[in-house]
Amino acid sequence: MANVISDETIEYVGILAKLELSDAEKEEAKSDMGRMLDYIDKLNELDTTGVEPMSHVFPVQNVFREDVVTNGDDSENMLKNAPAERDNMYEVPKTVE
Amino acid sequence: MAKQYETVIGLEVHVELATKTKIFCGCSTAFGGEANTHTCPVCTGMPGSLPVLNKQVVEYAIAVGLATNCDITQYCKFDRKNYFYPDNPQNYQISQLYLPICRNGGVEIETEEGTKTIGIHEIHMEEDAGKLIHDEWNDCSLVDYNRSGVPLIEIVSEPDMRSADEVIAYLEKLRLIIQYLGASDCKLQEGSMRADVNLSVREVGAEKFGTRTEMKNLNSFKAIARAIEGERERQIDLLEAGEEVLQETRRWDDTKECSYAMRSKEDAQDYRYFPEPDLVPIVISDEWLDQIRERQPEFRTEKMKRYKEEFEIPDYDIEIITGSKHLADIFEATTAICKQPKKVSNWLMVETMRLLKEKEMEPEDICFSPENLAKLIMMADKKEINSTVAKEVFEVMFANDTDPEKYVEEKGLKTVNDEGALRTTVEKVIADNPQSVEDYHNGKEKAIGFLVGQTMKAMQGKADPGMVNKLLKELLS
Ligand SMILES: [Zn+2]
């Protein structure tokens with residue numbers, strides 16, 4: 001494996017993803033990520049100088065909707081997807097920035 | 001000698017666009033609905049749902065860009081900004097990083113030293129997040145996604161401002177342009193316009209910028225001015241004490257008039273932006289741009305010029321009235337009905353301004369219709385009501401757009417123009433107040449004022465004071 005993921009990196013990625021990993025899981029994730037980066041390095045072997053990055057494969061542009069209300073109140077169905085519900089709202093673990 | 005410091009300020013202004021529907025789905029953007037009643041699989045980030053762009057959002061963004069002298073990016077795209085927070089159901093926000101729709105613009109502001117241009121780095125389109133309500137009792141948060149997916153534009157300025165006054169002049173300029181375009185009502189209090197302030201200080205003459213902080217949660221012009229003052233002092237104090245300013249995001253608490261750190265650079269987010277795969281590129285043709293250019297409204301400067309030519313009203317009135325799009329609209333529509341620009345301007349400048357100030361409202365909050373104001377003006381003009389009654393009716397109309405004709409009818413406030421009835425009352429007042437009559441005859445002109453007052457009282461305010469005066473003089477001579 002050419003790419004070695006440091007302890008600091010795995011710690012930081014964990015914070016960004018809001019994941020708490022055990023030491024064993026961290027080791028596993030480090031090795032997985034290292035292998036993923038090795039694979040990306042393979043792609044980097046190709047010389048792409050002067051090639052515009054492509055974000056869409058289809059030659060389609062300007063797909064719009066008119067500004068007209070088409071959706072009504074479907075909150076009863078929508079809230080069936082909620083882990084927990086109260087007062088027509090989604091109840092989640094307390095999150096304060 | 002004490003060191004002299006210069007404040008360097010740049011602004012990120014979010015503006016909620018006045019579309020009927022959200023940016024990527026057909027859900028309503030109307031305010032005040034019950035929680036989650038304006039949501040669908042798209043704006044709650046359900047797997048498999050696909051966004052479709054609201055054309056009006058692009059048109060508003062272009063219109064604002066043109067009005068702020070920006071270059072329009074004729075090939076533009078959306079990008080994904082990744083972050084995890086419950087107000088963001090997709091775990092990413094659709095925004096623009098690489099090819100924002102407008103770039104390299106600027107607006108002119110008036111300062112004490114004269115006209116100054118504040119550069120606009122870029123304007124991009126993005127979606128708003130939902131609203132979190134924290135439940136202190138049950139240690140949980142409740143989420144309402146009605147605002148999730150409401151279209152925003154973010155206007156990013158260059159760090160060209162040097163004082164709170166300049167910041168406020170810039171914000172007022174932006175607000176006016178956007179209101180004139182009808183692209184948003186730009187109410188700071190209600191959050192349809194939000195400003196984040198990036199501020200640093202440096203010694204006067206220094207070339208390099210100091211370390212900047214970003215301040216959030218500023219929801220009035222006054223709060224912005226206080227936050228700028230507070231942050232400038234905090235940074236200068238740090239530098240004077242030989243300490244360092246840390247690059248961080250701070251939250252302004254306007255009641256305590258201080259800010260506290262929310263996030264520092266060390267735990268700064270890495271948003272891992274990448275091109276949004278679910279939305280195809282936008283290509284803006286020259287024809288489309290021309291169409292939007294042609295539709296641009298008359299802006300304030302042109303409007304002021306036209307008012308000066310068309311209406312005989314004071315320059316000061318013109319300045320105040322055109323200072324709010326809503327006020328200017330009311331002025332023009334009312335004048336079109338009653339053909340009395342001077343009187344319309346008077347009602348707006350005196351009574352309207354007085355009530356706005358008293359009730360701490362903005363001109364944008366005015367709810368009475370031009371039709372009703374015109375009716376009131378015409379009734380007063382025909383002397384169907386006297387000026388005291390007119391003011392009373394105006395207050396009711398100001399509060400809830402009451403039809404003045406109906407109100408006057410119901411409350412029986414019409415001036416009694418029946419000379420016979422008035423004459424009887426005046427005669428009675430003269431008979432009841434011999435002292436005042438004597439005073440009047442002894443040359444005390446003022447005594448007649450008392451008699452007019454007594455007559456008005458006896459008529460329950462429903463008489464024309466001019467007529468009462470005339471009748472009194474006639475009967476006393
Ligand atoms: Zn929706």
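1. An open sheet of four strands runs in the order 2(A)-3(A)-10(B)-9(B), with antiparallel pairing. Its edge strands are strand 2 (85–86) of chain A and strand 9 (131–135) of chain B, and each of these pairs on one side only. Strands here are DSSP runs (E, at least two residues), helices are DSSP runs too (H or I, at least four residues), and both are numbered from the N terminus. Two strands pair if DSSP finds at least two bridges between them.

2. Ground rules. This is a predicted model, in which local features need pLDDT of at least 70 and side-chain atom pairs count only at pLDDT 80 or more, while totals for chains, interfaces and linings use all residues. Residues are numbered from 1 along each chain as its sequence is written, chains are lettered from A and ligands numbered from 1 in the order in which they are written, and side-chain values use heavy atoms, with hydrogens and water left out.

3. The strands in detail. Strand 3 of chain A pairs with strand 10 (residues 140–144) of chain B. The sense is antiparallel, over four bridges. Look at A:Tyr90: its bridge partner in strand 10 of chain B is B:Val143. Within chain B, strand 9 and strand 10 also pair in the antiparallel sense, over five bridges. There, B:Lys131 stands opposite B:Asp144 of strand 10.

4. How much the chains touch. Contact means heavy atoms within 4.5 Å. By that rule, chain A gives 36 residues and chain B gives 56 residues. The size of an interface is often given as the accessible area lost when the parts come together. Between chain A and chain B about 4000 Å² is buried, with carbon and sulfur atoms giving 57%. (Buried area is the accessible area, with a 1.4 Å probe, that two parts lose on being put together, summed over both.) A:Arg65, A:Asp67 and A:Lys94 supply 18% of the area that chain A buries against chain B, more than any other three residues.

5. How many salt bridges cross the interface of chain A and chain B? The rule finds one. A salt bridge is a side-chain nitrogen of Lys or Arg within 4 Å of a carboxyl oxygen of Asp or Glu. B:Asp135 forms a salt bridge with A:Arg86, and the closest N and O atoms are 2.8 Å apart. Polar contacts between chain A and chain B come to 22 residue pairs, both residues at pLDDT 80 or more. (A polar contact is a pair of N or O atoms within 3.5 Å; within protein, one must be able to donate a hydrogen and the other to accept it, and residues adjacent in sequence count only if both atoms are side-chain atoms.)

6. What chain A brings. Four elements of chain A give two or more residues to the side that touches chain B: helix 1 (7–16), strand 1 (64–65), helix 3 (75–78) and strand 3 (89–93). Strand 3 of chain A gives the largest share, five residues. By class, that side of chain A has 15 nonpolar, eleven polar and ten charged residues. (Ala, Val, Leu, Ile, Met, Phe, Trp, Tyr, Cys and Pro count as nonpolar, Asp, Glu, Lys and Arg as charged, and the others, Gly among them, as polar.)

7. Domains of chain B. Chain B is divided into domain 1 (5–287), domain 2 (298–411) and domain 3 (419–476). These bounds come from an automatic or database domain assignment. The C-alpha centres of domain 1 and domain 2 of chain B lie 34 Å apart. Nine residues of domain 1 are in contact with twelve residues of domain 2. The area buried between these two domains of chain B is about 840 Å², and carbon and sulfur atoms give 60% of it. B:Leu176, B:Gln179 and B:Tyr180 supply 67% of the area that domain 1 buries against domain 2, more than any other three residues.

8. Links between domains 1 and 2. The rule finds two salt bridges across this interface of chain B. The side chains of B:Glu362 and B:Arg175 meet in a salt bridge (3.7 Å, N to O). Helix 2 (residues 164–181) of chain B gives six residues to the side of domain 1 that touches domain 2, the largest share.

9. A link across the sequence of chain B. The structure holds 44 salt bridges over all chains. One joins B:Arg295 and B:Glu59, with the closest N and O atoms 2.6 Å apart. B:Arg295 sits in helix 4 (residues 286–295) and B:Glu59 in helix 1 (residues 55–67) of chain B, 236 residues apart.
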